[in-house]
Amino acid sequence: MGINLHQGPLALLLILLCNNSAFQHPPITSHTTSLLSNSFPSLTKVMAVDHSKFRTCHQTSFCRRHRHGKSKSLYEYKLLPETVVFDPSGIASVAASETTKGLLSSWSRKLTKGSSSSNGDNYQGPPPVLTAKLHNIAPYTSCALTADAYGSCPQEEELEVSISLLQDGVARVRIVEAGAVITKKGPRWTADDLVLNAEEMAPFRGEEVRLDSLNSAVDSDKMKKEEDLIASLFKRAHQSFVSATVDLDNFMVLSYGEEWKLMIQMHPFAVYFFRGNTGPPVIVAGSSGLTHFEVRRDRDCEEGSEKKVEKRKLLPTEEEEIDRHGGKEIVGYWEDGLAIYADGTREEKKLEEEEETEEEEVVDRGEGKEERRLEEEAYDTEGMWTEKFSSHTDSKPHGPMSVGMEIVFPHSSHLFGLPEHASSAQLKTTAGSEGHHYYKEPYRLYNLDVFEYELDETMALYGHVPLVISQSESMGTAGAFWFNPTETFVDVEEVQGENDVVESRTHFMSESGVIDLFLMPGPDPHALYEQYARLTGRMPLPPMFSLGYHQCRWNYRDEADVYFVHGKFEELDYPYDVLWLDIEHTDGKRYFTWDKKLFPNPADMQNKLAADGRRMVTIIDPHIKTDNNYYIHKEATSLGLYIKNKDYTKDYDGWCWPGSSSYLDFTAEKVRNWWADQFQYNKYKGSTPSLFTWNDMNEPSVFNGPEVSMQKDLLNLDKVEHREWHNLYGMLFHRSTTEGQIKRNAGHNVRPFVLSRSFFAGSQKYGAIWTGDNAAQWSHLEIATPMLLGLNIGAISFSGADVGGFFGNTDAELMTRWMQAGAYQPFFRGHAHHDAKRREPWVFGDETMVRLRRAAMARYALLPYWYTVFWNAGVTGMPVMRAMWMEYPNIPALYSVDNQFLIGSDLLVRPVTSAGANSAEIKFPLTHCWYDVDTMQRIPLSGDANFVATKNLKSDIDKIPVYQRGGSIIPRKLRLRRSSQLMVNDPYTLYIALDDEMKAEGTLYMDDETTFDHEKKGDYAVAKFSSDWGADVAIQNAVQAGSENAVTAQNKEARMIERIVVMGLGKSPTSIVSSNGSSIEFQHDESSQILVIRKPGVSALENWTLKLQA
């Protein structure tokens, strides 16, 4: 078959597609819905979250107390120099753990010996090189305030700070309680073993760590006293420095390596983190006096001594809340938290104007000034020991336990991170004097099921990562990981630093836990993400099928519906890999079961799809139906595996999809192991090796709970309150499910696939994440890219937004644009609500179906590249879907760009997200040249290397703007198959995009795409392609193999290269010869500057060179 050289990879793929006109489909009848479904309000209205269900900072006592420095006068911390212990040799004696990057190897230990958290101090990672005591020496302290207000015991507020140094430059600053409170109450609960990647947290070698201090009270024979060093660092931090006005005895300096220094200010306590030998610190913590640590205290000290204080009314009373139901009997709750009544009606959502009350006049709108002191207004002690929201009361038996600190990034005006929020990838300001801020509310980090979430909001969503990254042209890349899984608010502010230079300030406020701050020095995005991967773990390589297209709906009705949908994809040669079943496939919302009337032969159904190269996914949520005849519930109850009520007298009961439900305690190792065992084939009846799992509702979602979640004073099996581990629950559920999929197969040698909605730092180790219940609206398509970039900034790379939007109905244009965008998301799934019209690709007509299929084909053609990028992400920590600044940190014009992105380093994607658009504006970094992937033509650009060229380019309904970076080589597979499994032995086509020097290079990772043999046996290979037409090398390959088994003759035959396409080649070579001297056939088109080599006769698993001859 002849091929036009002007045709791009999709055109070549389409030529290989046999014409198929059987696009018609039988009409799809609507299926019956449940009582709850009938009560669901129409989705044709504009989506709007019920704000009355979710707290603001003002309605949250710890945030209200500490925001804008309101509590600043209560906290003044001094590091006591006489308590300093400097012990660099302590870490020298600790052998660095062997680096283990693989999913199987790290989990195999957990499956055999495991680990668990307890009420003890659960410290993980290298021991500290320096420890010291901190005292709160404020004239009037938080404990004094509560003693006056409540009659509680006055006590000293004593803390301990420890500093650990890691081999890659990361500094860990950890502050915990000390003194009498530890003797009486023990250490606070922490989650180091559940989150941190201690195996890779290698300590810095002790003999290279140095401490300098001029303070005579610091007693250490290992200490140095270099005054010039301390003075120079102080001057770098404060450029208005005058030597006669500063007491250098107030500082210590930890130096390690050639470029990292930590200057510790003793009073008031602060930390300055320096990188390199010039310039200001890259990160400063505590310098504005906003550090606070509410030590635990007893409310009742002396009988009858509680004092009453006048407090302004903040929340509705319990009587007001009861009245809202009008005396009706409540029989259930819907996902939005609204009640369902016995008479068949449901509670109506309040209109916005009904929610406005006089109390809102005192709501903090972010106008507060940093220096406002408590004495300027009434002391706010509301909610310290008992806190109400809506009809729910939090008993708070341990009283106020909040911690917080400000973290400043000097000379930086671009911060990123803190996913997940439906907002821009760059963090916008939430605080500032005179109203100079974008948002009124701080970013909230508290995992919640937010029904019909709104856009451009700082409200909490399904998961969170407390990571902030600064990107600055002058300061490079630096990051701060605030390791605290309790509810957290974060203010972001831009302030004028010294010499009127802008600096970005964040203020973290957490409800409980400890201050555990990891400072990452960068200096560039690649270095920083390697540092972060060592802290929280690496994304494992997923099975190839999971990178294909996933077809989902709530719900495919029955086996006949499944077979029809699958058959239609087959008939239309439309590639897909996975068909999903939502909750209606179960027996009455009992997970691990099947509705025997609708799915009588589930194993046969899975096997039939598997025979065509497809897998299936079923949903399994964490809520367990309270039914003594349900084997899961019966066994979990008998073994005592459920979360308990606040008195630890009975299992907690909440409301979710099955109605009355119990919730397993996934913080306990024995519970996680038990849950993992439920995936054994002899337990999960009807499951097969081709069935995988979807974890939803795992924030956890509780329809009748506060903020549609659990009460904070519930207890886990170790009697630790839910408030301490709330944000971990979804990740631990995700982890346990993933471990179950590994354990169910003999030899633990099949890679898992589990999708989760909720997440925390470290969730990248366990599988994919999606952005939750979006809507079939152009605005939700538009926000998908910034949200996914936010997740990738938080190292949650295997992520996606549901194609088409979950709520509501999409039209053909919106569906086309969403499928085009989804094809370039790391996770690629179409999904829809049961009230939405069917939206399988063929329901929009033949013309649209062809467009949708073309988008899916582009995804499948690029699967070798996607797989390689995922492998690279696991090895290096770099995200799969990258913000432009990640690859171009020296181009400030790209910092704020979040409507386009890079897949790996070589593909630039700009989704079209507005109706009727025929063009799109693309910002091209001029560091490289760029080629349109469809036309294979170089985009005409001009300008200096560290600048951006903005182009408005054609992008009609058949076009999504995608561009290959000049200097790259991208592998594709162009033979149309209906699933990734059927492509496994297909040959590759290499696309070479030459740069200005006529060079290019690229990588192709290869293994069996399914098992752990790449880790267990080293059965993998990496092909390193390079091209240098200026040096007469058309292309060459150098193979790095993990073992001899990876490069057998059979494997070489299955990894052939059938075509090489070279873009940007103006002049045709005379001849091209292979390594053995044989002539290679090629065609060159001078007008398009494209050269095509057909059948070069080489394998990606062999070393070879194709040379040019004059």
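Is Ser701 buried or exposed? In this predicted model, Ser701 is buried: its relative accessible area comes out at 0%, and anything under 20% counts as buried. To find the residue, look in the loop that runs between strand 30 (691-695) and helix 17 (722-725). Leaving aside residues up to four places away in sequence, Ser701 touches Asp449, Cys656, Tyr663, Val708 and Arg757.

Now over to a pair of helices. Helix 19 (residues 778-793) and helix 20 (residues 812-822) have axes that come within 10 Å and cross at roughly 10°. Angles under 35 degrees count as roughly parallel, so helix 19 is roughly parallel to helix 20. On the helix 19 side, the contact is made by Trp778, His780 and Leu781, and they meet Glu813, Leu814, Arg817, Trp818 and Ala821 in helix 20. Sort the residues of that contact by type and you get 5 nonpolar, 1 polar and 2 charged.

As a reminder, strands of a sheet pair through backbone hydrogen bonds. For a closer look at one pairing, take strand 36 (residues 901-903) and strand 37 (residues 907-909): they run antiparallel and are joined by 3 bridges.

Note on methods
Residues numbered from 1 in each chain as written. Predicted model: local features only at pLDDT ≥ 70, side-chain atom pairs only at ≥ 80, totals over all residues. Heavy atoms only, no water. Pairing = 2+ DSSP bridges. Helix = DSSP H or I, 4+ residues; strand = E, 2+ residues; numbered from the N terminus. Axes fitted to C-alpha atoms, helices over the stretch in contact; angles between N-to-C directions. Parallel < 35°, antiparallel > 145°, perpendicular 65-115°, else oblique. Contact = heavy atoms within 4.5 Å. Nonpolar A, V, L, I, M, F, W, Y, C, P; charged D, E, K, R; others polar. Buried < 20%, exposed > 50% of the residue type's maximum accessible area, 1.4 Å probe, protein only.
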